[in-house]
Each structure stands twice: as structure tokens, then as C-alpha cells.
Amino acid sequence: MRVSLTVTHDTTGESMDDVFTVLENGHREIKRMFRELESSPNSANGANQAALARRRQQVDRLIAEHSQHESAEQEYFWPAVRELMANGAQLAEQGVRQEKSAQQTMADLRNIDPQEQKFEELLRTAAQEIKAHIDFEEQQVIPALRKVMDPQRAQQMGAQIAQRKQAAAEGRGRPHAAPRPGALKGTAQARNAGGSQRQQGQQGQQNQQGQQQGQQGQKRGQQQNRQQGQQQGRQQAQQNRDRQEQEQERSRGREKPMDPMGSGR
Ligand SMILES: [Fe+2]
Ligand SMILES: [Fe+2]
């Protein structure tokens with residue numbers, strides 16, 4: 001009797017689903033999200049603003065789930081299909097083309113407001129495209145690949161896809177969202193304006209400082225001039241006084257000539 005051993009748990013006790021189970025679980029979750037949207041109120045049947053805001057969030061979660069699922073398939077699943085199946089290249093080309101088309105529909109949906117009629121039209125288109133693609137994978141590709149893929153490799157691939165999904169859910173390994181062009185432009189303008197205002201402010205401050213220094217220098221100059229003038233005036237006055245005294249001395253000398261022989265005898 002042949003016993004088939006399949007590892008279903010890793011050393012931590014967590015389930016180790018193979019790639020087929022992981023992808024089928026993903027399909028179930030995407031279809032559940034579509035059912036939820038189909039049963040929720042929308043702009044055509046009287047949804048209020050709060051319901052439309054909730055619908056926006058539901059669709060954004062669906063877009064993220066779908067994008068993560070298809071990009072994992074494009075990285076791991078379709079290369080294995082190409083490698084292991086006789087008609088793998090043709091199946092992979094068809095499958096990836098379906099995925100890209102649906103991803104484009106979802107990208108369009110991201111930019112439309114839920115209260116617009118176009119939003120519900122695109123959502124219906126996305127549902128049709130994605131459900132047809134899931135049927136294609138589950139009915140034509142997965143059963144055929146399961147027959148030719150080594151079970152251990154299928155489990156390794158399942159673990160890789162599950163880890164990648166976990167990392168995306170925790171915000172790891174996901175590129176930063178590019179800022180909206182308007183936001184970037186606004187930031188750059190604000191930054192430039194701020195820099196310009198700072199420069200103008202600095203320039204104004206420098207001018208003010210220069211003006212103050214000029215005024216101080218002018219005051220100092222005036223004070224110095226005043227002091228010099230006063231000093232010169234004092235010197236001039238002293239010289240004038242000296243000259244007058246000398247002249248008085250001379251004139252007294254002329255009026256009373258000196259008696260060199262001692263005439264006072
Ligand atoms: Fe899939
Ligand atoms: Fe897919």
C-alpha cells in the first residue's frame with residue numbers, strides 16, 4: 001500500500017497551503033468582495049453620502065486585493081505555467097492579457113467618484129472581466145498545472161505568495177505611493193515661495209542693519225566733528241589770548257623802557 005505524505009504545516013504550526021490552494025482562496029476573497037458591493041446601496045438606488053464613502057473604501061480594498069493577487073501570479077504562477085506545460089506559453093499569454101485588462105479597468109475605477117454613473121458601469125465591467133479570468137484559471141490552468149508540478153515546489157510557491165501577501169497587508173515591500181502631481185507642485189511652489197520670502201527677509205534685515213550702522217556711523221562722525229571743532233576752537237581761542245598778552249607786554253615795554261643803569265638812585 002502506497003502512503004502519500006503531504007506537509008500541511010510548518011515548524012510554527014501554521015498551515016502551509018500549496019500554490020493552488022493559496023490562489024483559490026484569493027479568488028474566493030475577491031468574489032466575496034464583489035458580492036458585498038453588489039448587495040450594497042449605490043448612487044442609482046439612493047445611497048446617501050456615508051454609504052457612498054463606504055462604497056469608495058470597499059472598492060479601494062478590492063482594487064488592492066486584486067492588484068496584489070495578480071502581481072503575485074505574474075511573478076510566480078505564470079512563469080511555472082510557461083516552464084512546465086506544453087501549451088504553457090499560450091495559456092500564460094492569455095491569462096496575463098486578461099489580468100492586465102482588468103487591472104486597467106480597476107485603475108480607471110480608482111479615479112472616478114462613486115456618485116457618478118460611470119463608476120457603477122466600470123465596476124460591472126471589472127466584475128465580468130475578473131470572474132471570467134478566475135474561471136479560466138480554475139478550470140483550464142490550475143487542474144492541468146497541478147498534474148505536472150512537483151508537490152514540494154507547489155508548497156514552496158504557496159508559501160512565497162502567502163508571505164508576499166502578508167507583507168503587503170502589513171505595508172512592507174510596497175513602494176511608496178507617488179505624490180499627486182498637484183500636491184508635488186504645490187509643495188515645490190510653497191518651498192520656493194518660502195525660500196524667496198526667507199531671502200527677501202534676510203535681505204531686508206541686512207538692509208535694515210546696514211541702515212542702522214550707517215546712521216550710527218553718521219552720528220559718530222558728527223560727534224567726532226563736533227569734538228574736533230570744539231577742540232580746534234579752544235586751541236584757536238588760546239592762541240588768540242596768547243597773542244593778545246604778548247602784544248600787551250610789548251606795548252607796556254614801549255611805554256616804560258627799562259633802566260639798565262639803575263636810575264632809581
Ligand atoms: Fe488568480
Ligand atoms: Fe490571475
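Hi everyone. Let me start with burial: of the 265 residues in the protein chain, buried ones make up 16%. Please keep in mind that this is a predicted model.

First, the overall layout. The secondary structure of the protein chain amounts to six helices and zero strands, and along the sequence the pattern reads α-α-α-α-α-α. As for contacts, take those between residues at least 6 apart in sequence: 70% of them join residues at least 24 apart.

Now to helix H5, which covers residues 151–169. After H5 comes Gly-171, with a positive phi near 85°.

Let me stay with the H1 partner for a moment. Two packed helices are described by the angle between their axes and the distance between the axes. For H1 and H5, the angle is about 40° and the axes are 7 Å apart. The pair is therefore oblique. On the H1 side, the contact is made by Val-19, Phe-20, Thr-21 and Val-22, and on the H5 side by Ala-154, Met-157, Gly-158, Ile-161 and Ala-162.

The largest nonpolar core has 16 residues, and Val-19, Val-22, Leu-23, Phe-77, Val-81 and Ile-161 are the ones that touch the most other members. Which elements give two or more residues to this core? They are H1, H2, helix H3 (88–110), helix H4 (117–148) and H5. If we zoom in on Val-81 and leave aside its neighbours within four places in sequence, it is in contact with Gly-88, Leu-91, Ala-92, Val-141 and Leu-145. Apart from this core lies another, of 11 residues, among them Leu-62, Ala-102, Leu-109 and Ile-130.

To finish, I'd like to walk you through four single residues, if you want to click along.

Two of them are in helix H2. Ala-80 is the first stop; this residue lies in H2 and counts as partly exposed, because it has 19 C-beta neighbours inside 10 Å, where a buried residue needs 20 or more. Leaving aside neighbours within four places in sequence, Ala-80 is in contact with Leu-145, Met-149 and Met-157. Ala-80 and Leu-145 are 65 residues apart in sequence, yet 8.4 Å apart in space, C-alpha to C-alpha.

Glu-75 also lies in H2. With 13 other C-beta atoms within 10 Å, Glu-75 is partly exposed. Glu-75 and Ile-161 are 86 residues apart in sequence and 9.2 Å apart in space, C-alpha to C-alpha.

Next is Gln-140, which has its place in helix H4. Gln-140 is partly exposed, with 14 other C-beta atoms within 10 Å. From Gln-140 to Leu-91 there are 49 residues in sequence and 8.7 Å in space, C-alpha to C-alpha.

Last stop: Glu-38, in helix H1. Is Glu-38 buried or exposed? Exposed, because Glu-38 has 11 C-beta neighbours inside 10 Å, and 12 or fewer counts as exposed. Glu-38 and Ala-127 are 89 residues apart in sequence and 9.7 Å apart in space, C-alpha to C-alpha.

Conventions. Residues numbered from 1 in each chain as written. Chains lettered and ligands numbered in written order. Predicted model: local features only at pLDDT ≥ 70, side-chain atom pairs only at ≥ 80, totals over all residues. Expected span 1.5 Å × (residues − 1). Core = buried A, V, L, I, M, F, W, Y, C linked by C-beta atoms within 7 Å. Contact = placed C-beta atoms within 7 Å. Axes fitted to C-alpha atoms, helices over the stretch in contact; angles between N-to-C directions. Parallel < 35°, antiparallel > 145°, perpendicular 65-115°, else oblique.
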